[in-house]
Amino acid sequence: MGTEKTGKKPCTRCLVQDMDREQEYKKLQEYIDSMDEEIKVGTPEYRRRLLLCRQCDSLYQGICQKCGCFV
């Protein structure tokens, strides 16, 4: 059943498994580039957040198991 019938978003983890690494990185970079600069954080804060995520047990293959975000 497609998302148009259920109204649910597809599971990002499942979609990532279908992509090769180069395609995955390109799509992620396009998404980041399309975001408003106002909602992005600076490099020091970004690195601080990544450090915290890398220490978390809920990070699996670059995806947060709590919220589904790409890390």
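Is Lys-40 buried, exposed or partly exposed? Lys-40 counts as partly exposed, at 27% relative accessibility; for these labels, buried is under 20% relative accessible area, exposed is over 50%, and partly exposed lies in between (1.4 Å probe, protein chains only). Keep in mind that this is a predicted model, where local features need pLDDT of at least 70, side-chain atom pairs count only at pLDDT 80 or more, and totals for chains, interfaces and linings use all residues. Residues are numbered from 1 along each chain as its sequence is written, and side-chain values use heavy atoms, with hydrogens and water left out.

**Salt bridges**
- Three salt bridges turn up in the structure, each being a side-chain nitrogen of Lys or Arg within 4 Å of a carboxyl oxygen of Asp or Glu.

**The Glu-37 pair**
- Glu-37 bridges to Lys-40, with 3.1 Å between the closest N and O atoms.
- Glu-37 is exposed, at a relative accessible area of 60%.

- Glu-45 pairs with Arg-48, and their closest N and O atoms sit 2.8 Å apart.
- These two are three residues apart in helix H4 (residues 43–54), so about one helical turn separates Glu-45 and Arg-48; helices here are DSSP runs (H or I, at least four residues), numbered from the N terminus.
- Glu-45 also bridges to Arg-49, at 2.9 Å between the closest N and O atoms.
- Four residues apart in helix H4, Glu-45 and Arg-49 are likewise separated by about one helical turn.
- Through shared partners, salt bridges tie Glu-45, Arg-48 and Arg-49 into one network.

**Exposure in the network**
- Glu-45 is partly exposed at 26% relative accessibility.
- Arg-48 is partly exposed too, at 45%, and Arg-49 is partly exposed at 42%.
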